[in-house]
Amino acid sequence: MNRDIPPDHYLDYYRPPGSDALGLVRIHASATGITGIEFVEEADAPARPNALTDHAREQLDDYFAGARRDFDLPLSPTGTDFQQRVWAALATIPFGETRNYAEIAEQLRCKGGQRAVGAANARNPLAIVVPCHRVIGSDGRLTGYAGGLGRKQWLLAHEAGEIPLGLF
């Protein structure tokens, strides 16, 4: 599937080193911020990088090498006000830790809003950088992840200092 890229949109791809299991990551950017980071099966459009996609690739390299726990990128995701609030709350979950949907809802002062938090979490356009993989079910089980539960488990194992070899 080849897509035309608007002139104000930049695109690049990144493959985490040493892990074919995770596959390819597509990075979208505008002239002012990163607008999307997602797992994809294959490159479906020609790369058109800019300084922001290059910077994102560098920070992803550091993350996968174990040298980065937090990302310092200008982010420009598109979403509702509530989604933006949820994504901001996700960004506060420390590296190597998890939260459940009810805890995020409580942090947002949205009592009983765990389903709404889950829906916003599922629409997070910035995988890894806005760590939606750190959100689990209230019973401690892994729950949905747009990149697949295997990738979610791999990322959590990576952050726990384990050496994941493949998807679970």
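1. Two strands are taken to pair if DSSP finds at least two bridges between them, and helices (H or I, at least four residues) and strands (E, at least two) are DSSP runs numbered from the N terminus. Five bridges join strand 1 to strand 2 (residues 24-29), and these two strands run antiparallel; Tyr 13 stands opposite Arg 26 in strand 2.

2. This is a predicted model, in which local features need pLDDT of at least 70 and side-chain atom pairs count only at pLDDT 80 or more, while totals for chains, interfaces and linings use all residues. Residues are numbered from 1 along each chain as its sequence is written, and side-chain values use heavy atoms, with hydrogens and water left out.

3. The open sheet consists of three strands in the order 1-2-3, with antiparallel pairing. Strand 1 (10-14) and strand 3 (34-40) are the edge strands, each pairing on one side only, and the twist from one strand to the next averages 20 degrees.

4. Helix 1 (residues 51-64) packs on this sheet, touching strand 1, strand 2 and strand 3, where contact means heavy atoms within 4.5 Å. The direction of helix 1 makes about 20 degrees with that of strand 1; axes are lines fitted to C-alpha atoms, for helices over the stretch in contact, and angles run from 0 to 180 degrees between N-to-C directions.

5. Helix 2 (residues 81-90) and helix 4 (residues 114-122) pack at about 85 degrees, with their axes 9 Å apart. They are therefore roughly perpendicular to each other, a term that covers 65 to 115 degrees. Phe 82, Gln 83, Val 86, Trp 87 and Leu 90 in helix 2 meet Ala 116, Val 117, Ala 120 and Asn 121 in helix 4.

Technical notes. Parallel < 35°, antiparallel > 145°, perpendicular 65-115°, else oblique.
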